[in-house]
Amino acid sequence: MVCSIGAGVAAVNLAGHYEVDESFMRAILDWLLPRTCLLCGAAGDDDLDLCAACRCDLPWLTAACPRCAEPLPVAALCGPCQLHPPPFRAATMPLRYEAEVERLVQSFKFHRQLAAGRTLALLLAAHLERTAVPLPEALLPVPLNRRRLYRRGYNQAALIARILSRRFRLPVVTGGLHRTRATTPQSELAKSARRQNVKGAFACRSGTHLPRHVALIDDVVTTGATVAECARVLKRAGVKHIQVWALARTP
């Protein structure tokens, strides 16, 4: 027997446990801790820590290569992808990594401002829905090495994947990939050195079941060297269809 306590507030299930309506709890939290724009301090809009004006002013990635998400004047397959296609099938990112987006990502990645990561991940989710991107069987975050994970306290790609997992009801395969060695941060290297830096830096854990279709999750894609190396490892492990989902692409 289910006993209601208020309309849509809580109920007692057959095991005698209270079940609280999620939308009700979200409304209570929004009342106690209202969303505030991380960029200007105004009231947040649409369950985001961004106001409508700042959201509109973000550097949106309006046209890009569908294969690697390189920003272009018009959406078309870029020259490098025509000559040397990457090992992943498609890449989807809603924003360019510049101006306010860079500020939000840096706050999320290096200053523990998890609200910035949540807001950016929800913008990515809305973009995936709006563009009707085919959903994979599972999400696979790009891993951090142990030392960097210990210093930072969390893997930003895994947090993004967790938010997308709840939105799209997809599993997250956190143990699908691991770092075999520490690497120099890609942001500190020139483009020509980035592929060599991550070559052989990833491996699949033995015994991990990997579905045929996955989406690699990362925060920012610059040259694509990291996600390409991850994709090569996954393809050797039997994954057939690999997408890349990230918050932003560096022009």
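Is aspartate 47 buried, partly exposed or exposed? At 30% relative accessibility, aspartate 47 counts as partly exposed. This is a predicted model, and the chain has nine helices and ten strands. Of its 251 residues, 47% are buried.

**The chain as a whole**

- The accessible surface of the chain comes to about 13500 Å², and carbon and sulfur atoms hold 55% of that surface.
- Among contacts with a separation of 6 or more, 67% are between residues 24 or more positions apart.

**Salt bridges**

- Side chains of opposite charge can pair when their charged atoms come close.
- The structure holds ten salt bridges.
- One of them joins aspartate 47 to arginine 118, with the closest N and O atoms 2.9 Å apart.
- Aspartate 47 sits in the loop between α1 (22-32) and α2 (52-57), while arginine 118 belongs to helix α5, so this pair ties together parts that are 71 residues apart in sequence.
- Aspartate 47 and arginine 118 also belong to a network of salt bridges that takes in Arg35 and Asp49.
- Another salt bridge pairs glutamate 129 with arginine 167, and here the closest N and O atoms are 3.0 Å apart.
- That pair links distant parts of the chain, since glutamate 129 is in helix α5 and arginine 167 is in helix α7, 38 residues apart.
- Glutamate 129 is partly exposed at a relative accessible area of 41%, and arginine 167 is partly exposed too, at 36%.
- Arginine 55 and aspartate 46 meet through their side chains in a salt bridge of 3.5 Å, N to O.
- In this pair, arginine 55 is partly exposed with a relative accessible area of 22%, whereas aspartate 46 counts as exposed at 55%.

**Helix α4**

- Helix α4 has twelve residues and reaches 17 Å from its first C-alpha to its last, which is close to the 16 Å expected at 1.5 Å a residue.
- An α-helix has 3.6 residues a turn, so residues three or four places apart point the same way.
- The buried residues of α4 are Val101, Leu104, Val105, Ser107, Phe108 and Lys109.
- These buried residues pack against helices α5 (114-130), α6 and α7, and also against strands β5 (95-96), β9 (213-221) and β10 (241-249).
- After α4 comes arginine 112, which has a positive phi, near 60°.

**The stacked aromatic pair**

- A search of the whole structure finds two aromatic pairs.
- In one of them, the ring centres of phenylalanine 108 and tyrosine 154 are 6.1 Å apart and the planes are at 20°, so the pair is stacked.
- Phenylalanine 108 lies in helix α4 (residues 99-110), and tyrosine 154 is in the loop between α6 (146-152) and α7 (156-168), so the pair ties together parts that are 46 residues apart in sequence.
- Phenylalanine 108 is buried, at a relative accessible area of 2%, and tyrosine 154 is buried at 10%.

**Strand β10 and its partners**

- Strand β10 is mostly covered, with nine of its nine residues buried.
- β9 and β10 pair in the parallel sense over eight bridges, and alanine 215 has glutamine 243 of β10 as its bridge partner.
- Strand β4 (residues 90-92) runs parallel to β10 and is joined to it by three bridges, with alanine 90 partnered by glutamine 243 in β10.
- β5 and β10 also pair in the parallel sense, over two bridges, and alanine 248 in β10 is the bridge partner of leucine 95.

- Aspartate 219 lies in strand β9 and is buried, with a relative accessible area of 3%.

Key: Residues are numbered from 1 along each chain as its sequence is written. This is a predicted model: local features need pLDDT of at least 70, side-chain atom pairs count only at pLDDT 80 or more; totals for chains, interfaces and linings use all residues. Side-chain values use heavy atoms; hydrogens and water are left out. Rings of Phe, Tyr and Trp (its six-membered ring) pair if their centres lie within 6.5 Å; planes under 30 degrees apart count as stacked, over 60 as edge-to-face and the rest as tilted. Helices (H or I, at least four residues) and strands (E, at least two) are DSSP runs, numbered from the N terminus. Buried means under 20% relative accessible area, exposed over 50%, partly exposed in between (1.4 Å probe, protein chains only). The expected span of a helix is 1.5 Å times one less than its number of residues. Contact means heavy atoms within 4.5 Å. A salt bridge is a side-chain nitrogen of Lys or Arg within 4 Å of a carboxyl oxygen of Asp or Glu. Accessible areas come from the Shrake-Rupley method with a 1.4 Å probe; for residues, only the protein chains shown count as cover. Two strands pair if DSSP finds at least two bridges between them.
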